[in-house]
Amino acid sequence: MDSLTRRIAVVTLALPLAALLASSTSHGAGLSVRSRADDLVNAAMALYREGEYSQAAEKLQAALRARPGYAPAHQLLAVTYHALRDPDKALDHYWAVQRLSFPPLPKDATKAQTRERELLVACEAVLAIQLNNTRMERNLGLCIPDVRLARVARQHSNEMRDKSYFAHGSPTPGYETITDRFRRVFGDLRIYSIAENIAQHYATGYYSLSTGNAHETHSQWMNSPGHRTNILTPKFNHVGLGIAANRNGDYWATQFFAQF
């Protein structure tokens, strides 16, 4: 087990004029911060594509200083540090991406709820890391972990668990195909390519949601021709990972690939 995955196995009311002016100024400042963060991420993406990973990382860290928790910066930092072979920093951002793809836990969340959330984050990150380790070994471009794609993937995993089925096709109107599920989040993109891997670790008699079993899921996908083809398709450049588990620790995993 490499050092990157080893660590993961070890989280209308009238206002006074002055208030209106202050509100307008604050809104303008917010737009300026967002614009600066966007510009930095776009510049970093250009550097990343040119193989200038260290310079890309500097701009992405600046984007996070300007706009903490900014998903596009965390997404690109995960693969930038992966490409730089900096496992600790890469892991921090793989985790951040998966955390951002979940709704916030309630303030009164129990320890059990918090533990399960962090375990889901860790297992999803394992699948993203293993995917990119495999692609890197074959000199393929890394897939950027994507918050929106993770939500697409997790919705399908949750539904497979809740409706007791295991298939790419959904019985829910509007979600029947992977194209339906993709378009519900991304709209009608004119140019894109998508694919999906699913897995089930079910009825084992013990709590199956673990990073070790996430490694096993990746291995099973690699030993299946169709799943392996998706993992090794050169054109895919983004991926979303979503896992759902029940009280027994049985889990359903969805890996959603996209090129856009």
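Student: What percentage of the 260 residues in the chain do buried residues make up, and which residues have the most contacts inside the largest nonpolar core?

Tutor: The model is a predicted one, and in it buried residues make up 47% of the 260 residues in the chain. The chain has 10 helices and 4 strands, and read along the sequence these follow the pattern α-α-α-α-α-α-β-α-α-β-α-α-β-β.

The largest nonpolar core contains 57 residues, and those with the most contacts inside it are Leu-76, Tyr-94, Leu-209, Ile-243 and Phe-257. Helix α6, which covers residues 111–137, gives the most to this core, with 12 residues. As a general background, nonpolar side chains in soluble globular proteins tend to be buried together.

When its neighbours within four places in sequence are left aside, Leu-209 is in contact with Leu-119, Leu-120, Cys-123, Ile-243, Ala-245, Gly-249 and Tyr-251. Ala-125 belongs to helix α6, and Ala-125 counts as buried because its relative accessibility is 0%, where the cut-off for buried is under 20%. The C-alpha atom of Ala-125 is separated by 7.8 Å from that of Leu-91, although the two residues are 34 apart along the chain.

Tyr-251, one of the contacts of Leu-209, also touches Thr-217. Thr-217 lies in helix α9, residues 211–222, and with a relative accessibility of 1% Thr-217 counts as buried. Not counting residues up to four places away in sequence, Thr-217 touches Leu-127 and Ala-199 as well as Tyr-251.

On the α3 side the contact involves Tyr-53, Ala-56, Ala-57, Leu-60, Gln-61, Ala-63 and Leu-64, which meet Ala-73, His-74, Leu-76, Leu-77, Thr-80, Tyr-81 and Ala-83 in α4. Sorted by class, the residues of this contact are 11 nonpolar and 3 polar, with no charged ones.

There is also a second, separate core of 9 residues, which includes Leu-149, Ile-178, Ile-194 and Phe-256. Phe-256 is placed in strand β4, residues 251–259, and Phe-256 counts as buried because its relative accessibility is 0%. Leaving aside neighbours within four places in sequence, the contacts of Phe-256 are Leu-149, Val-152, Ala-153, Ile-178, Phe-182, Ile-194, Ala-195, Glu-196, His-238, Val-239 and Gly-240. Among these, Ile-194 lies 62 residues from Phe-256 along the chain, while their C-alpha atoms are separated by 7.3 Å.

The crossing of α7 and α8 is right-handed. Arg-148, Leu-149, Val-152, Gln-155 and His-156 of α7 make this contact with Arg-181, Phe-182, Val-185 and Phe-186 of α8. By class, the contact of α7 with α8 has 5 nonpolar, 2 polar and 2 charged residues, whereas the contact of α3 with α4 has no charged ones.

Two loop residues complete the account. Most residues other than glycine have a negative phi. Arg-85, however, has a positive phi of about 60° without being a glycine; Arg-85 is placed in the loop between α4 and α5 (87–100) and counts as exposed, because its relative accessibility is 65%. Asn-139 likewise has a positive phi of about 60° and is not a glycine; Asn-139 is found in the loop between α6 and β1 (144–145), and with a relative accessible area of 72% Asn-139 is exposed.

How values were computed. Residues numbered from 1 in each chain as written. Predicted model: local features only at pLDDT ≥ 70, side-chain atom pairs only at ≥ 80, totals over all residues. Heavy atoms only, no water. Core = buried A, V, L, I, M, F, W, Y, C linked by side-chain atoms within 4.5 Å. Buried < 20%, exposed > 50% of the residue type's maximum accessible area, 1.4 Å probe, protein only. Contact = heavy atoms within 4.5 Å. Nonpolar A, V, L, I, M, F, W, Y, C, P; charged D, E, K, R; others polar. Left-handed = near helix turned anticlockwise from the far one by under 90°.
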